[in-house]
Amino acid sequence: MSIIIILIALVLGLAALILCTVKFKIHPFFSLIIASLIFGIVSGMKFDVILETFATGLGNTIAGIGIVIVIGTITGELLEKSGAAESMAQTILRITGPKHAALGLAITGYFVSIPVFCDSAFVLLAPIAKRLSRDTKVSMTTMAVSLAMGLHATHMLVPPTPGPLAVSGILNANLGMVIALGALVSIPVTLVGYFIAEKAGKKYYYLPEDIEDTMVDNQNLPSSLMSFAPIVVPIVLMVVQTISSMANNGAGNMFISIINIIGQPVVALMIGLLLALITYFKVHPGDYQVWSFDGAFGDAMKTAGQIALIVGAGGAFGAILQQSPLNDILVNAFAGINIGILAPFVIGAIFRTAIGSGTVAMVTAASMLVQVLEPLGMASPMGRVVAMLACAAGGFMVFHGNDDFFWIVTSTSGMEPETAYKTMPIGSIAQSFTALAMVFVLYIILL
């Protein structure tokens, strides 16, 4: 298959996706189907292979994140209707002030995404972002992009998130140093994402439309403790489970076994949902219709189903890109590249932009880099850490419609796809170059 044809197919597929969602306002689910078909057909894939790959990618993505979306959406609905989201928003505003509420969200995302997968975290934290936007009249674009970029920063740079953890293993980099330096690099990366969010919010202003004015007056709002518990408890459980898994020394211990069960994302989030339900009943005692088809559960399920399908279609598009010869073409094109610290950055950036998966981009860059660490002068223990961070820096770019997290942010926040395309890719590019600049500084200082 000609390289030119594959590249033409990629351009046409991405162009179709952007035109369908931005210009013609076609629902993202069908826009992703159209883009997948165009790329697959033009690249020479058999039609039955396209359909099978799309269905498999859709199923795998929904299997991985679907139940999390459902539980998170129901929890968010309960937090909204009980007034807990309002209580949390007021607490955050007391700490940050209205002017810095979005920065508070970015910092929250920075910490939460270290142990919690960014998809789950955004679904869980979206109700707070919406309520903060409504209360402060700050654009939801600012809140959503700020939270997403905060989550994105540590998701790419700090283990135990799968991407940086896998790259650390491939390059045999010291995990402790990767965590420490990754967390350090993530600080300016988060801040530049917040800065982009602030600028974007002024240009693309909107307030969330899918939340009602709280039906509970301020005097009857749940306490801060009850309001935050459905979010904080699952996060704590997942953090403890992550630490336990990394320590890997509790085999046979019943307590550790229980932690490993209740710390699984689905179980932890279900516990959060039960806590949110308790809070709801404290405010609305006797409302036993809440879990019915016509109650809060039913309303949330309608929203969750649409989000899950959009995210699943995004994963399916990514699966078709990975199934095609595109992956091999990119690997061959960059085999033997020798441009110093820019090598892993460029490889990661190309793969993230083309394939849509930050993890695939980082792992591919690391797999190609591991053979040339010695000539690049990065074979030392500290050099391997710097090389890992360089792979991650490239993996930030470009965050757009072939990534399922893009659609999580867009759908859950109520952002128009047109606005998402004009904001989040720019934020990810800024984060990528900021991370690269930090890696160069570390390279000069440490090597």
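1. Helices here are DSSP runs of H or I, at least four residues long, numbered from the N terminus. The expected span of a helix is 1.5 Å times one less than its number of residues. Helix α5, residues 101-112, has twelve residues. From first C-alpha to last, α5 reaches 16 Å, close to the 16 Å expected.

2. This is a predicted model: local features need pLDDT of at least 70, side-chain atom pairs count only at pLDDT 80 or more, and totals for chains, interfaces and linings use all residues. Residues are numbered from 1 along each chain as its sequence is written, and side-chain values use heavy atoms, without hydrogens and water.

3. Across the protein, 57% of the 447 residues count as buried.

4. The protein has 19 helices and zero strands (a strand being a DSSP E run of at least two residues). Its radius of gyration is 22 Å, close to the 22 Å from the globule rule for 447 residues, so the protein is as compact as a globular protein of that length. The radius is taken over C-alpha atoms, and the rule is 2.2 Å times the number of residues to the power 0.38. The C-alpha trace spans about 65 × 50 × 50 Å along its principal axes.

5. G414 sits in the loop between α18 (404-413) and α19 (417-446). G414 counts as partly exposed because its relative accessibility is 43%, the class running between 20% and 50%.

How values were computed: Buried < 20%, exposed > 50% of the residue type's maximum accessible area, 1.4 Å probe, protein only.
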